[in-house]
Amino acid sequence: MPALAVGVPEELSARVPVEQREPGLDRDGVRLLVSRGTEVSHHAFAELPGLLRAGDLLVVNTSPTLAAAVDGRVGHARVVVHFSTRGDDGRWAVELREPDGRGTTRARTEMTGTTHARMDVTGVTRARAEEGEGVEGRGCGGLAGTRVRLPGGARLVLEEPLSARGERLWWARVSGAVVPALLREHGRPIRYSYTERDQPLSVYQTVFALPYADGTGSAEMPSAARPFTAGLVAELVSRGVQFAPVTLHTGVASAESHEPPYPERFAVPEASARLINAARAGDGRVVAVGTTAVRAVESAAGADGVVRARAGWTDLVVTPERGVRVVEGLLTGLHEPEASHLLMLEAVAGRAAIDRGYEAAVRGRYLWHEFGDVHLLLP
């Protein structure tokens, strides 16, 4: 999907949550853009119960948000480790970034010569660095063997890139600490440069978030669900709208280059599979709350469109060519015009609907990103 033709002015970035922008409002005080094909209407999110109907099913992601950013040091250089995904072997996929001086981070630049002299790496690479010999940079992550000192005496060692696609994310092994405990004690939510200030972790938890016994969760908030409040959920249930919980632990997004998602851990329980299949067999519409919920459900759907209980890893990337087998509607945030997520939106609603909706969002001064307004795509 080529990037959308619309440009998003910088002032349309939501820098703080709505309840901080406008005291007196709750999370459901954001605006809601509704697209039915190329027809667009404007609402408050609190009007959602009136836009759905009895028998509709909302698929929601129960993954909690982790305090996934931890300060560290590579030699004398400061870094910020973004913990992305826990592997089956106990390692974690991580991204090493550098502080930008404004409380957020930027991609690490390529490292050569004297920069490498500050790196604490192993083997011949370290010896060459200590001798001042130039060493070719390895993208924005680091080198195999890079050692990071973490708070509380913990250590992290980069072992291998997560994917042949690049070296932004690395599999790393942590010693001297259990990662979930390290994040609870020393971590903070991942924050990007368009936000105004650090926020407590509670700001990044959705009403659907559940704790997981192994301490896993999402590196970044499943943000489409953020506007829901307990009161709004109760009203939806009272009107006959059902909820099907699924899990997808989302990893660290590619803030600079908008890469497609890497494999992520997901689960669709048997009870939710039955609810989804029943809604599709009746008059209800299956509406995913967030692109993470789409990825989970579509990963559990067979070619026959039947959803079966599944758990494990998914590398599915939903594109217009692949299409969707189950999801009929989508509630989502507003993504940057070049974001890979837009392929999924196009698969659900078609390119014309996305073009029309985003043009209306810019004209209507809707706010972007995880603290911003939301977009409901209906058949």
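The protein exposes about 15600 Å², and carbon and sulfur atoms supply 50% of that area. Before I go on: this is a predicted model. Of the 379 residues in the protein, buried ones make up 53%. There are 10 helices and 16 strands. If you take the contacts with a separation of 6 or more, residues 24 or more positions apart account for 70% of them.

Next, the charged pairs. How many salt bridges does the structure hold? The count is 24. As background, side chains of opposite charge can pair when their charged atoms come close.

Are the two partners buried or exposed? Asp88 has a relative accessible area of 61%, so it counts as exposed. Arg265 counts as buried, because its relative accessibility is 18% and the cut-off for buried is under 20%.

Arg351 and Asp355 form a salt bridge, with 2.9 Å between the closest N and O atoms. Both residues lie in helix α10 (residues 351-363), 4 residues apart, about one turn of the helix. In general, an α-helix has 3.6 residues a turn, so residues three or four places apart point the same way. Arg351, at 23% relative accessibility, counts as partly exposed, and so does Asp355, at 24%.

As for the network, salt bridges link Asp89, Arg91, Glu159, Glu160 and Arg173.

There is also a patch of positive charge on the surface, where Arg73, Arg78, Arg149 and Arg155 gather. One of these, Arg149, lies in strand β8 (residues 147-149). Arg149 is partly exposed because its relative accessibility is 33%.

Now the stretch around helix α9 (residues 341-349). Which residues of this helix are buried? They are Leu342, Met344, Leu345, Glu346, Ala347 and Val348. The cover over them includes α8, β15 (329-333), α10 and β16 (374-378). Just after α9 comes Gly350, with a positive phi of about 95°.

Last, two backbone angles further along. Most residues other than glycine have a negative phi. Arg365 has a positive one, near 60°, and is placed in the loop between α10 and β16. His369 is placed in that loop too, and its phi is also positive, about 80°, although it is not a glycine. His369 is buried, because its relative accessible area is 15%.

Methods: Residues are numbered from 1 along each chain as its sequence is written. Side-chain values use heavy atoms; hydrogens and water are left out. Patches are made of residues with over 30% relative accessible area and no salt bridge: like charges are joined within 9 Å, nonpolar side chains (Val, Leu, Ile, Met, Phe, Trp, Tyr) within 5 Å. Accessible areas come from the Shrake-Rupley method with a 1.4 Å probe; for residues, only the protein chains shown count as cover. A salt bridge is a side-chain nitrogen of Lys or Arg within 4 Å of a carboxyl oxygen of Asp or Glu. Lys and Arg count as positive and Asp and Glu as negative; His and the chain ends are not counted. The place of a charge is taken as NZ of Lys, CZ of Arg, CG of Asp or CD of Glu. Helices (H or I, at least four residues) and strands (E, at least two) are DSSP runs, numbered from the N terminus. Buried means under 20% relative accessible area, exposed over 50%, partly exposed in between (1.4 Å probe, protein chains only). Contact means heavy atoms within 4.5 Å.
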